[in-house]
Amino acid sequence: MNTPDTPRPRQGADILRTALRRNVGAMAWGTVLMGLYQAGETAFPIALGLIVEHTLQHRSPGSLGLSIGALAVIITTVSLSWRFGMRILQKANTTEAHRWRVQVAACGLQPVARDVDLKSGEVLTIATEDADQTADIIEVVPLLFSSLVAVLVAAVALGLADLRLGLLVIVGTVAILSVLSVMSRRIGAGTQEQQARVARAGAKVADLITGLRPLHGFGGNHAAFRSYRAVSAEAKQQSITVARVNGVYAGTALALNAVLAAAVTLTAGYLAFAGRITIGELVMAVGLAQFIMEPLKMFSEMPKYVMMARASAERMALVLSAPPVTTPGQESPAEGGSLEIDCVRYGALRRLKFEVAAGEFVAIAAYQPRAAADFASILAVNVPPQAYEGVVRVSGQEIADLSAEAVRAHMLVNPYDGEIFAGTLRTNIDPSGTSRTVPEAVEASMLTDVVALHREGLDYTVRDRGANLSGGQRQRLSLARALAADTDVLVLHNPTTAVDAVTEQLIARNIAKLRRGRTTVVITSSPAVLDAADRVLVLDDGVITAEDTHRNLLATDEAYCLAVAR
């Protein structure tokens, strides 16, 4: 694995351009239909003015019927164009948001982590709220153009009645947008900060849920809750600030629009009183002054939504443009299951060196939990090879030359806190549905009592994070999943810490029996598992300090005896 070349960072503007480019057709149709809607809305008061003018001059039932028919056509056009225009735009919006969610999720689930300083909770917020707000640009642009159509139609109609009325609408619209565009920049910056703080609060909640049980165990839950309260208070305060700015923005926009509508109405009244426009034109002007407030309101809100979409796109760019922490090799491990750790120095590990032959069952008694965690992270390819000294070889090949997918398919590292998913016992044990050893894995992990306890058996529903299972049941379910994978090399990290001594004995024997002939490494302090292994390696202060069978070490090594004997 090599250090990757730094790609050109993807900016939020690029993401917005991509979203717009992919939806040109839908946006074009949406713009046309929403333009018809706004034109019809604006045409309504114009038609009323013409009807009044025509009726006052001719006073005939035929003219009245024709006028009513024209109004019916306008109303029908308004209704249908809105219905189908919004249907097209919302479908495109939803589809685009889904695309970005999938893309962000794919980045988070890649075998090689990306070099981005975000927790999983923050990535989740980006993949949901930010993806939705970024996709809103698909609706914003057509609505912006359709609102512009309404303003222009109103300005032209009023200008035909009197040039001063048309100029008043155009100048007033430009002034309103100038004021609001300045305010929208502050909203964009505030929204970006709000989303970041909410995401940090979400990440803190995820961390608390994951570690709630151990926090209760050593009494650290109150300190953790205080920490979350501080983060949540920051998010709340920023949300209040953004809400306050949004309120000022909305109030200012409404006030400015009302001022413009009042100015048009008063000016039209003055012109009618002076005899420069007719009564029908006055009715049209008053009607347009009322109707134009809606497109003006929509038009004036667009800069705010554009800035919010830009802020969300910038946050998505943090994930999408982040380079991988390493560039993996392209080779696959050779057949067999040997494992060699050659002078590895990383974290709590100090020139760790040992070998595991293919088909051997080796237990590692790690006196320091940090050293065990660092060792497991290296084998799981969660730590790039350039981040540590020394070499790890799998089946004789350096792990740096192998692809992460191939390494994980060949060597499974099952963590002590394996995740349990919402679904069933069966889907948790065999997510891909391809394992042929599910019954054997269930029996070896002693999960048989859980299966027998429920009428549905392996189809028993499991809640998210295994909320309806005990700690021991979750641990055995995770172990069953690891055993069902049936990989050439299996690394287990503390697989029996939550089960009783009798069950632990049975599990240790079952693992040795099921994995016979395939390489198995177990990091544990369990006497039962240590006794079932072919040999035990003692990991103390980052190096291997002793090596023998469990029983020989009990007889000859006092420190070992104190560490593992129960």
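pLDDT is the predictor's confidence in each residue, from 0 to 100. The protein chain averages a pLDDT of 82, and 83% of the residues score at least 70. This is a predicted model, in which local features need pLDDT of at least 70 and side-chain atom pairs count only at pLDDT 80 or more, while totals for chains, interfaces and linings use all residues. Residues are numbered from 1 along each chain as its sequence is written, and side-chain values use heavy atoms, with hydrogens and water left out.

**A pair of helices**

- Helices (H or I, at least four residues) and strands (E, at least two) are DSSP runs, numbered from the N terminus.
- Helix H5 (residues 137-161) packs with helix H9 (residues 279-291) at an angle of about 155°, and their axes are 10 Å apart; axes are lines fitted to C-alpha atoms, for helices over the stretch in contact, and angles run from 0 to 180 degrees between N-to-C directions.
- That angle makes H5 roughly antiparallel to H9 (angles under 35 degrees count as roughly parallel, over 145 as roughly antiparallel, 65 to 115 as roughly perpendicular and the rest as oblique).
- On the H5 side, Ala154, Ala157, Leu158 and Ala161 meet Glu281, Met284, Ala285 and Leu288 of H9, where contact means heavy atoms within 4.5 Å.
- By class, the contact of H5 with H9 has seven nonpolar, no polar and one charged residues (Ala, Val, Leu, Ile, Met, Phe, Trp, Tyr, Cys and Pro count as nonpolar, Asp, Glu, Lys and Arg as charged, and the others, Gly among them, as polar).

**The six-stranded sheet**

- Six strands make an open sheet with mixed pairing, in the order E6-E9-E10-E3-E11-E12; two strands pair if DSSP finds at least two bridges between them.
- Strand E6 (411-414) and strand E12 (543-548) are the edge strands, each pairing on one side only.
- From one strand to the next, the twist averages 20°.
- Strand E9 (residues 489-493) and strand E10 (residues 519-523) run parallel and are joined by five bridges, and leucine 490 stands opposite threonine 520 in E10.

**Helices across that sheet**

- Helix H11 (residues 369-379) lies across strand E3 (361-366), E6, E9, E10 and strand E11 (535-540), running at about 150° to E9.
- Helix H16 (residues 471-485) lies across E6 and E9, and runs at about 175° to E6.

**The four-stranded sheet**

- Here the open sheet has the order E2-E1-E4-E5, with antiparallel pairing.
- Its edge strands, each pairing on one side only, are strand E2 (349-356) and strand E5 (397-398).
- Two bridges pair strand E4 (residues 389-394) with E5 in the antiparallel sense, with valine 394 opposite glutamine 397 in E5.
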